[in-house]
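Biologist: I'd like to go through the labels on this one with you. Set each value against its cut-off, please, and then tell me what you conclude.

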Amino acid sequence: MTVVKGRAMVNYGPGTQFEMKEYPVPDPEPDAIVTKLTLSSICGSDIHLYKGEFGAPPGKQRPKIGGHEFVGRVYKLGSNIKTDTTGQPLKEGDRVAWCYYIPCGRCAACVSGEGPCPNRHAHAGASSDDFPHFKGGYAEYYYVSPGQWIYKIPDEVPDESAVYVDCAASTVAYALHLAKLPLGATAVIQGAGGLGLNAAAMAKDMGAAQVIVVDFVPEKLELAKAFGADYTINGQELTTPEARVQRVRELTKGKGADMVMELVASAPQVIPEGLEMLTPGGTYLTCGLVGPYVSNVMMTPIIAKGLKLIGSSNYKAWTMPAVLDFMARTGKKYPFEKIISHKFKLEDVGKAYEQMMAGKVIRAAIAFE
């Protein structure tokens with residue numbers, strides 16, 4: 001019997017070079033699925049991990065396959081699998097997106113339904129040298145383990161849009177759900193990367209009367225207008241926090257924003273600035289600063305203005321299909337596919353990382369077809 005093998009780019013710990021390896025493609029367990037990837041994008045947290053900013057031990061480690069934003073087609077279904085997570089019939093060849101983590105279902109967060117499961121990433125830590133090998137996005141195949149949510153992709157949603165639904169877009173959608181925008185709200189989005197662009201479109205779709213996007217890169221701000229931003233604030237022109245806060249005041253007739261959402265990769269200094277942009281009783285929503293960053297935040301404005309501070313990470317099972325439906329409904333209005341600004345071959349993952357760390361791309365992706 002011929003053993004099918006798949007290529008994967010692995011690395012051996014933070015800062016180590018990516019290397020090509022081949023592994024046998026396993027048959028799925030009864031409740032598992034093997035997919036064949038078509039596109040895999042690179043998230044900001046992948047860059048943090050590569051830099052060693054999540055506390056990984058120094059020195060060479062066992063190989064792992066990075067990447068957790070992906071889209072592909074069903075290659076093999078486990079014998080028990082007949083539908084996706086929403087109950088839609090699923091067959092080999094169907095285009096699918098899936099969640100990269102698995103809530104444990106037993107911890108306090110899972111039982112209460114409040115907050116993210118602290119054990120959700122446990123299955124993703126295995127070395128690629130161990131079964132089932134394919135647990136990352138920089139490989140030709142991916143093993144969807146029992147318990148991972150998986151969803152058919154609407155025909156109207158291209159791979160370039162669906163590829164980041166399982167992290168960037170769904171993380172933003174769930175965070176905005178927690179914020180509960182009031183009628184006629186003004187939303188300020190700090191950061192016009194992949195998350196920020198999605199946030200602008202989603203905030204608009206959720207009823208925000210005015211969306212303001214803040215960034216320092218003119219090209220990103222220009223794209224933000226296509227994603228529903230009513231106004232943009234260029235940090236290269238308004239060079240001080242005070243000037244940017246004042247501009248938000250002007251745009252809101254002195255009231256301030258109802259919500260400010262932090263979606264930056266490595267700029268903790270935006271937090272005090274964002275708090276100052278809020279109206280009394282407003283909400284500061286943070287889910288972008290996942291690295292080892294420290295912000296000097298004065299508690300006085302939070303207390304004196306009665307502000308709400310919400311941290312959000314990941315999402316629930318309903319979020320991904322809701323985002324896919326959102327993209328299907330509004331894909332002609334918002335250019336979701338343009339967030340993937342550069343594509344690379346599998347063997348060029350290292351080059352893609354270099355381009356992202358240099359700030360030259362909005363979001364890079366590895367293309368398999």
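Biologist: What makes the pairing of the Y138 and Y353 side chains a polar contact?

Modeller: Two caveats before I answer. This is a predicted model, where local features need pLDDT of at least 70 and side-chain atom pairs count only at pLDDT 80 or more, while totals for chains, interfaces and linings use all residues. Residues are numbered from 1 along each chain as its sequence is written, and side-chain values use heavy atoms, with hydrogens and water left out. Now the contact: the side chains of Y138 and Y353 come to 2.8 Å. A polar contact is a pair of N or O atoms within 3.5 Å; within protein, one must be able to donate a hydrogen and the other to accept it, and residues adjacent in sequence count only if both atoms are side-chain atoms. At 2.8 Å, the Y138–Y353 pair is therefore inside the limit.

Biologist: Why is Y138 called buried?

Modeller: Its relative accessible area is 0%. Buried means under 20% of that area, exposed over 50%, and partly exposed in between (1.4 Å probe, protein chains only), so Y138 gets the buried label. Y138 sits in the loop between α2 and β7, and its C-alpha is 9.0 Å from that of L37, although the two are 101 residues apart in sequence.

Biologist: Where does H133 sit, and what makes its phi stand out?

Modeller: H133 is in the loop between α2 and β7. Its phi is positive, about 70 degrees, and it isn't a glycine. Most residues other than glycine have a negative phi, and most peptide bonds are trans. H133 also counts as buried, because its relative accessibility is 14%.

Biologist: Which peptide bond is cis, and how do you know?

Modeller: The one from F131 to P132, where omega is near 5 degrees. P132 lies in the loop between α2 (108–112) and β7 (141–144).

Biologist: What about N314: what is its phi, and is it buried or exposed?

Modeller: N314 has a phi near 60 degrees, a positive value in a residue other than glycine. Its relative accessible area is 5%, so N314 is buried. You'll find N314 in the loop between β14 (308–311) and α10 (319–330).

Biologist: Which residues does Y23 touch?

Modeller: Contact means heavy atoms within 4.5 Å. Leaving aside neighbours within four places in sequence, the partners of Y23 include V4, P63, S128, H133 and F134. With S128, the side chain of Y23 also has a polar contact of 2.9 Å. Y23 belongs to strand β2 (residues 19–24) and counts as buried at 5% relative accessibility.

Biologist: How do you know that S41 is buried, and what does its side chain make a polar contact with?

Modeller: S41 has 0% relative accessibility, so it counts as buried. Its side chain meets that of E69 at 2.7 Å. S41 is in strand β3 (residues 33–41), and beyond four places in sequence it touches D46, V163, Y164 and R363, among others.

Biologist: Why is G184 called partly exposed?

Modeller: Its relative accessibility is 42%, so G184 falls in the middle class. G184 is in the loop between α4 (165–179) and β9, in contact with G207, A209 and D258 once neighbours within four places are set aside.

Biologist: What makes helix α8 mostly covered?

Modeller: In α8 (residues 270–277), six of the eight residues are buried: V270, I271, E273, G274, L275 and M277. The cover includes β9 (186–190), α7 (241–251), β12 (257–262), β13 (278–286) and α9 (300–304). Helices (H or I, at least four residues) and strands (E, at least two) are DSSP runs, numbered from the N terminus.

Biologist: How many helices and strands are there, and why call the whole protein compact?

Modeller: There are eleven helices and 16 strands. The radius of gyration is 21 Å, close to the 21 Å from the globule rule for 369 residues, so the protein is as compact as a globular protein of that length. The radius is taken over C-alpha atoms, and the rule is 2.2 Å times the number of residues to the power 0.38. Also, 53% of the 369 residues count as buried, and residues 24 or more positions apart supply 71% of the contacts with a separation of 6 or more.
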